Amino acid sequence: MMNKFFDLRFVIGAFFLVVGILLLIYSFTNEEVMHAAVNRWSSITFIVFAIIMIILSFDKKPEDKL
Amino acid sequence: MHLHLIDYAIISLYFLFVIGIGFLLKKRVKTADDFLMSGRNIPLWITSLAFISANLGAQEVLGMAANGAKYGLYTAHFYWLGAVFAMVFLGLFMMPFYYGSKARSVPEYLKLRFDEKTRTFNALTFAAMTIFSSGISLYALAMLMQTILGWDFNLSIWIAAFIVLAYTFLGGLTSAVYNEVLQFFLIVLGIAPLVYIGMQQAGGLHGILANVEGAKLHLWKGMSNPADNPMGTDAFSMIFGLGFVLAFGYWCTDFLVVQRAMISHNLNDARRTPIIAALPKIFMPLIVIAPGIIILALQKQFSGFELPLNVNGQTDYNMVLPLLLSKLYPSGILGVGITALIASFMSGMAGNVTAFNTVFTFDIYQTHIKPNASEKHYLTVGKATTVVGVLLSILTAYVARGFNSIMDLLQLVFSFVNAPLFATFLLGMFWKKSTSNGAFWGLLSGTGTAALTYSLTMAEGKGGSIANLHTFYSGTSQAFNIAWISFSVCFIITTVISFFTEKKPENQLVGLVYSLTPRQQDKNRIWYKNPLYIAIIVLVITLLLNILLY
């Protein structure tokens with residue numbers, strides 16, 4: 001698992017996954033509907049992007065390692 | 001603007017990741033080449049994104065949004081007339097000489113093609129320019145933090161400088177490049193929702209068309225007369241000044257961006273780097289210019305979107321993006337937007353510091369101070385230069401605080417350095433008879449002419465320190481004109497002196513001059529592996545955009 005952190009795609013994916021999850025959780029605490037929707041849709045976009053990057057990081061090419 | 005815990009958490013997470021990348025890369029850095037040139041071992045998708053991200057610093061992210069509000073769609077000429085064509089030219093025609101000559105920097109190519117004095121002149125002006133530019137990024141970041149978040153100016157400068165120092169010192173150029181890629185995605189994903197929300201609030205495309213003055217929604221209309229378009233420029237200075245001299249001068253000779261292609265695996269990747277980078281570059285106006293146009297429509301329909309005044313009492317267009325972030329983003333995504341801005345400033349600074357340490361170590365220290373030292377010694381010098389570069393940037397940031405016109409001055413410095421340099425490269429790469437003395441004196445004359453033209457003309461109250469022989473409609477128009485004049489002088493002086501001075505033997509110019517270098521035919525039939533095919537796609541899309549948005 002630690003080796004995955006040497007792939008930039010995994011690092012970028014991990015960053016946006018954590019940000020996406022934080023935003024998603026936070027969106028449920030928003031009292032204003034509009035604010036909640038903005039955070040929720042943004043978080044879903046980030047999580048989808050993160051998953052794509054993490055999946056791509058499993059396509060092993062030696063030159064893609066950090 | 002009031003941030004919540006979630007916003008601070010996202011900003012802190014970003015800081016954690018960028019320093020983490022530096023720590024991960026630390027053990028890979030063993031030689032000066034690893035530290036300063038990434039061992040020429042970076043994959044294509046990373047070099048391509050880093051290529052455009054190196055230009056996605058403070059000036060671009062805040063400045064293009066500001067220009068979007070000030071000049072409207074005309075700002076897109078920086079992309080669809082300037083950058084894209086220059087990037088394609090770099091990939092197809094110039095990169096074989098940069099990469100093929102095995103030069104480690106742009107000044108080093110000048111040494112191989114011409115001589116040591118031309119290289120040293122370029123290395124010194126470039127080093128000064130990078131430190132100046134890095135300091136401006138730091139100053140702008142601290143100002144932004146102070147203005148919109150209420151953070152202390154000094155604390156912002158030192159925290160940002162420390163973080164940039166930490167990851168560039170640990171991982172060198174590779175660390176800077178990898179953070180540029182992270183920054184690219186942050187800016188796109190962090191600002192794109194702002195464009196969407198802004199468009200919705202402004203009433204969609206119909207609302208934009210109805211509320212923004214027509215002159216700001218065209219690319220070419222009104223170009224026949226400077227008084228008829230918001231940029232106050234004419235077709236000649238736009239096409240020749242921006243489209244040819246400034247854009248080609250920046251994208252084809254500025255080591256900060258060219259370095260990103262020079263660290264590719266092989267020549268094919270190096271050639272494809274700027275051309276592939278041109279594809280997302282075509283669409284960047286949607287992220288960086290659109291907010292400027294959107295705010296114009298919002299100002300017509302709602303209150304609270306008025307831009308503040310700067311210290312000179314003029315509209316502060318630089319506040320377009322911060323104002324939209326504060327008005328349209330709720331807490332949470334606001335943290336992402338602020339992080340994207342911080343990332344662009346820090347990345348802009350890191351890019352300049354890494355270009356500075358490469359040029360100083362290879363082109364000044366190794367050449368003039370201590371040649372033939374060990375790899376370990378140059379690695380130590382490279383790391384020490386990184387620390388010095390960051391400290392000088394801090395100093396420049398404080399100097400910048402005393403000058404409210406420093407951003408305009410920076411744009412002028414670019415036109416002083418890059419515009420004549422492009423003439424030197426054009427003649428050096430494509431005319432075998434150009435000589436070392438011709439190049440040196442041409443470069444010196446071009447830079448001097450730029451300074452003289454600035455001192456004899458004025459725009460928006462700036463320039464004219466000797467006399468005011470002509471007043472331009474805008475500072476941008478002044479920069480375009482200075483660029484083509486300094487380019488022309490450098491071109492003519494280099495050509496004339498070359499006729500009367502000794503030229504290098506042709507056998508020393510193989511691999512450095514177009515007519516003396518065997519053509520490398522790219523026979524790859526897979527379209528995305530052939531630079532020419534990708535270039536055609538890029539150019540067709542760009543031409544279509546110019547026609548559609550006429």
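This is a predicted model: local features need pLDDT of at least 70, side-chain atom pairs count only at pLDDT 80 or more; totals for chains, interfaces and linings use all residues.
Q: Which helix gives the most to the side of chain A that touches chain B, and with how many residues?
A: The contact between the chains involves 23 residues of chain A and 22 residues of chain B. On the side of chain A that touches chain B, helix H1 (8-27) and helix H2 (33-57) of chain A each supply at least two residues. The helix that gives the most to this side is H1(A), with 10 residues.

Q: How many nonpolar residues has the side of chain A that touches chain B?
A: In chain A, 23 residues are in contact with chain B. Sorted by class, this side of chain A has two charged residues and six polar ones, while the number of nonpolar residues is 15.

Q: How many residues of helix H11 (residues 255-262) of chain B are buried?
A: Among the buried residues of H11(B) are B:Phe255, B:Leu256 and B:Met262, and the list also includes B:Gln259 and B:Arg260. The helix is mostly covered, and the count of its buried residues is eight of eight.

Q: Phi of B:Asn372 is near what value?
A: B:Asn372 lies in the loop between helix H16 (333-369) and helix H17 (375-401) of chain B, where it has 6 other C-beta atoms within 10 Å and is therefore exposed. Its phi is positive, in a residue other than glycine, and is near 60°.

Q: Are H8(B) and H16(B) parallel or oblique to each other?
A: Helix H8 (residues 153-202) of chain B packs with H16(B) at an angle of about 140°, and their axes are 6 Å apart. Angles over 145 degrees count as roughly antiparallel and those from 65 to 115 as roughly perpendicular, whereas the rest, beyond those under 35, count as oblique. The relation of H8(B) to H16(B) is therefore oblique.

Q: How many nonpolar residues has the contact of H8(B) with H16(B)?
A: H8(B) passes H16(B) in a left-handed crossing. By class, their contact has one charged residue and 10 polar residues, and the nonpolar residues number 19.

Methods:
Residues are numbered from 1 along each chain as its sequence is written. Chains are lettered from A and ligands numbered from 1 in the order in which they are written. Two residues are in contact if their C-beta atoms, placed from the backbone, lie within 7 Å. Helices (H or I, at least four residues) and strands (E, at least two) are DSSP runs, numbered from the N terminus. Ala, Val, Leu, Ile, Met, Phe, Trp, Tyr, Cys and Pro count as nonpolar, Asp, Glu, Lys and Arg as charged, and the others, Gly among them, as polar. A residue is buried if 20 or more other C-beta atoms lie within 10 Å of its own, exposed if 12 or fewer, and partly exposed in between; C-beta atoms are placed from the backbone. Axes are lines fitted to C-alpha atoms, for helices over the stretch in contact, and angles run from 0 to 180 degrees between N-to-C directions. A crossing is left-handed if the near helix is turned anticlockwise from the far one by less than a right angle, and right-handed if clockwise.
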